[in-house]
Amino acid sequence: MDVLDLTRLQFAVVTIYHYFFVPLSISLAGAAAGLQLTWMRTGQEKYLHLTKFVGKLLIVTFAVGVVTGLVQEFQFGLGWSNFARFYGDVFGPTLAIEGMLAFFLEATFLALWYFGWDRLPRKLHAATIVIVAVGTVLSAFIILAANSFMQNPVAYSLDPVTGRARLDSFGELLLNKVNLAAFPHTLAGACMVGGSLLLGIAIWRRRSDAGFAPLARLGAWMTVTGGALTALTGDHLGKVITEVQPMKMAAAESLYETTTGAPFSIFAIGDISGGKPFFSIELPWLLSILAKGSPGAEVQGIDDLQAQYAAQFGPGSYVPMIPVAFWTFRLMIGIGMLAMAAAALYLWTTRKGRELDESRRWSRLFLRFLPLIPLLPTAANSLGWIFTETARQPWLAFGISRVADGISPGLTSGEVLASLLAFTAVYGIVAVVWLRLVRHLSRQPLAPPPVEAAAEQTAVPVY
Amino acid sequence: MIAVWFSLVILCWVLFFVLEGFDFGVGLLGPIAGRDDHERGAIVRTVGPFWDGNEVWLVAAIGVTFAAFPDWYAALLSGLYLPMVGLLLLLAVRGVALEFRGKGDGERWRRRCDAALTAASAGIVLLWGAVLGVLTHGLALGQDGQVTGTGLGRSTAPLLTWPALVGAAAALFAALLIGAMFLTLRTTGPVHLRAQRLGIVLATGGAVGLGATGFATGSRLVLVAAILCVGIAMLARTGQELLAFAGTALGVAGTVVAVFTAHGDVVLRSTLDPAWSLTMTGAAATDSALRLLSIVGVVVLPGVLVYQAFSYWVFRRRVASERVPS
């Protein structure tokens, strides 16, 4: 691999890894806030214990999110300095504003909440976790605006002297139609990840601690609701993407010829890049419905788009890696639906306080599978991002800046390889430690032991 | 306008180095000021509620640098590629060790977290010090604003120069001193006593060392720092802990400002040809981006300072390090 490929791989590794923890932080913050408010309204102790449990998961997850998010902010200067120069006017303020407006809120108030149980008045304390939850959502909105610029550059003009992008309107940048579609889709996906983690843990612990029972239903509801919203918002996002990046949707179906009433294949065997697959299961008209909202609509094919882009931007290939786009798109949808179906099945079989009959074989299998359910939305999320980012190639910012033009000019392959190995090793260790810690935290009894050691002395104020 | 933004960039970096400086110092001092698991727990708890908010100042600093001076951000990070990657990884280990320490089970787990915390803090302090040292000296920027070279040495060679080594040593001293002062301020019992003694020794040693260097080189800045150290030692000895800490913070802040303004309006000096240096105006973003940032800086930043101050006020009580007899 050359420097460009290595740098791309490194960016992919640290970004996908960071995104294991982001959706969890978003949804766990929301869940903790919801549970605490429920505790305050109902006065039932069990909700307080669950709030504290979710809070512990949140704090270890947030810590990993913070330290890997920091890497993200440096990435553009490290490996992609030409992109940073070209795009700095747009991207720099966006990152700076995200940090100052949202990230400070999250970090400061999460600490106030976690350590402030007996230091803050009850209502103020509840407000801190609500602020954290709002902060995570705000953070997501601003960062997704930066990403949406790369899919659909808006609110900029090219400086005639420097040839660089210049930000015209921050409001317009935030209200990019891709962002308005991608933001709810991302939040819904996040809700699935957090919900399925809670469901998985609760099922795993249900026998040894009855306190986990409400968590299973909360997690299942979050997964099902999140799943339904992911599908709805995904449908809308698909239509917006068809409009602004028709090549991406054509690649998702490996549709080479422009077709009216285009079908959607659920599965294909054989050559999907170029030739005809020799076996595929196709649903008629579905691609036209997904892309344009009408069964008879015309969907542009890869060959036509390639010819159109070559005429517009000059010679070269504008076709992304078709098999990657084709399969990530399908797997994202399929795996996400599987998670949602499993959670829905759990809700149905345990409706009105029923319990799963463990003498039956399928129930036992189902209960054994459920603790693994968090893996599904996590995988679907990663596949979704891989689809979004690889099917954008060869562009960094669609139509204005190519990947090959963005890399840091002086970078050597030895440096990138060394850093890639270092990131992989350290991130790998952190992932293992995080998993073990989540397992350890989930094993603790929910109700705290009667006497907890006083952490701080109350007699001597510092200031 | 550009000068105003340059000041804001420096302010963010100053806040990062002061606030995270004592976090790093506390991490470093774990095995020195804490004799057992219980005492080391107390030491970690002194920064527990703060380190995360403090670290966001790095996010703010690098974000504002990117926003206001994209060329500076691009040249600095790609030119110091490997040291920056090292810093990020060490920061990751440090943050995770701090946050995970109290969540796991058993003394062995906590010992491992403590070891990771101390080692990572030491690495971070030495590397940041080296990077600041390199900033005073400059990088081998070519005409196109790029650092040229081959292999791993391209971005690591600047660390093996005298300015970098002096910077690393100075940072280690400063982190230990500010960490000791912060611990003195935030603890009671045996840890408090040890931190106070350490602070006095460090400040006195610093006063002697800096004084000698100041007289030898004739640098007024170093002499001022030496006088500040004398003051800190005296304040720490008389138990005026808040003032001693404030004095140390002032020293760190002054040093960071001095590093960033060492070459006037040149933000990154080229060691190859002064004409290839990166200037404030040359690296700045467009007016529209700067205007947007001004609004945010005026509206949002004061709010951040207020609620961060509030969090320091909420957790103002000292952490007890003596064992409660059971």
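A residue counts as partly exposed when its relative accessible area falls between the buried limit, under 20%, and the exposed limit, over 50%. Keep that in mind for the first stop. The model on screen is predicted.

**Stop 1: a residue in chain A**

Select A:Leu158, which lies in strand E1 (residues 156–158) of chain A. Its relative accessible area is 44%, so A:Leu158 is partly exposed. Now show what surrounds A:Leu158. Leaving aside neighbours within four places in sequence, A:Leu158 is in contact with A:Phe86, A:Gly163, A:Arg164 and A:Ala165.

**Stop 2: a helix in chain B**

Move to chain B and select helix H3 (residues 51–68). At 1.5 Å a residue, its 18 residues should span 26 Å, and the end C-alpha atoms are 26 Å apart, which agrees. Is H3(B) enclosed or exposed? Buried residues account for 18 of the 18 in H3(B), so the helix is largely enclosed by the rest of the structure.

**Stop 3: a pair of helices in chain B**

Stay in chain B and select helix H1 (residues 2–33) together with helix H11 (residues 241–260). They pack at an angle of about 140 degrees, with their axes 9 Å apart. That angle makes H1(B) oblique to H11(B). The crossing of H1(B) past H11(B) is right-handed.

Show side chains where the two helices meet. On H1(B), the residues include B:Phe6, B:Trp13 and B:Phe22; on H11(B), they include B:Phe245, B:Val252 and B:Phe260. The residues of this contact divide into 14 nonpolar, no polar and no charged.

Methods: Residues numbered from 1 in each chain as written. Chains lettered and ligands numbered in written order. Predicted model: local features only at pLDDT ≥ 70, side-chain atom pairs only at ≥ 80, totals over all residues. Heavy atoms only, no water. Axes fitted to C-alpha atoms, helices over the stretch in contact; angles between N-to-C directions. Helix = DSSP H or I, 4+ residues; strand = E, 2+ residues; numbered from the N terminus. Parallel < 35°, antiparallel > 145°, perpendicular 65-115°, else oblique. Left-handed = near helix turned anticlockwise from the far one by under 90°. Contact = heavy atoms within 4.5 Å. Nonpolar A, V, L, I, M, F, W, Y, C, P; charged D, E, K, R; others polar. Buried < 20%, exposed > 50% of the residue type's maximum accessible area, 1.4 Å probe, protein only. Expected span 1.5 Å × (residues − 1).
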